[in-house]
Amino acid sequence: MAILTQIHQVVAAHPVLTPLFGGVAGGEETVFLLSVAAAHGYLDIRLVAVGCYVGILVADTIWYSVGKTRVFDWLIRRKGVSQTYRLL
């Protein structure tokens, strides 16, 4: 329970940054959990909606940029990455 209390304190102290970071780092699962927290009154639903939207937009832009640069080609040449990429 101590970890849950610490998470609650961080989320309560940073209601704008939590959805933004959750959208960038966590993706859809984090958006769902933050939406549940907003439904129970822990967060403002408007902050969650805007923060997660911007966070996911930033994450998608970063991954798109990685795919359009030479970083992707460099990653594909790596042995472990290329084997996994072929499986996909």
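Does D44 count as buried, exposed or partly exposed, and at what relative accessibility? At 30% relative accessibility, D44 counts as partly exposed. The cut-offs are under 20% relative accessible area for buried and over 50% for exposed, with partly exposed in between (1.4 Å probe, protein chains only).

This is a predicted model, in which local features need pLDDT of at least 70, side-chain atom pairs count only at pLDDT 80 or more, and totals for chains, interfaces and linings use all residues. Residues are numbered from 1 along each chain as its sequence is written, and side-chain values use heavy atoms, with hydrogens and water left out.

**Salt bridge**

D44 has a charged partner. Its side chain meets that of R46 in a salt bridge (3.2 Å, N to O). The term requires a side-chain nitrogen of Lys or Arg within 4 Å of a carboxyl oxygen of Asp or Glu. Side chains of opposite charge can pair when their charged atoms come close. A search of the whole structure finds 1 salt bridge.

| Residue | Relative accessible area | Class |
|---|---|---|
| T18 | 16% | buried |
| D44 | 30% | partly exposed |
| Q83 | 42% | partly exposed |
| R46 | 62% | exposed |

**Core**

The largest nonpolar core has 8 residues: V11, V31, L34, A37, A38, L43, V48 and C52. Such a core is a set of buried Ala, Val, Leu, Ile, Met, Phe, Trp, Tyr and Cys residues joined through side-chain atoms within 4.5 Å. The most come from α3, with 4 residues. Helices are DSSP runs (H or I, at least four residues), numbered from the N terminus.

**Helix packing**

α3 and α4 pack at an angle of about 170°, with their axes 9 Å apart. That makes α3 roughly antiparallel to α4, a label for angles over 145 degrees. Axes are lines fitted to C-alpha atoms over the stretch in contact, and angles run from 0 to 180 degrees between N-to-C directions. V31, L34, S35 and A38 of α3 meet I45, V48, C52 and I56 of α4. Contact means heavy atoms within 4.5 Å.

**L34 and T18**

Leaving out residues up to four places away in sequence, L34 touches T18, P19, L43, V48 and C52. T18 sits in helix α2 (residues 17–26).

**Q83**

Q83 lies in helix α6 (residues 79–87). Q83 and P15 are 68 residues apart in sequence and 41 Å apart in space, C-alpha to C-alpha.

Notes: Helix = DSSP H or I, 4+ residues; strand = E, 2+ residues; numbered from the N terminus. Parallel < 35°, antiparallel > 145°, perpendicular 65-115°, else oblique.
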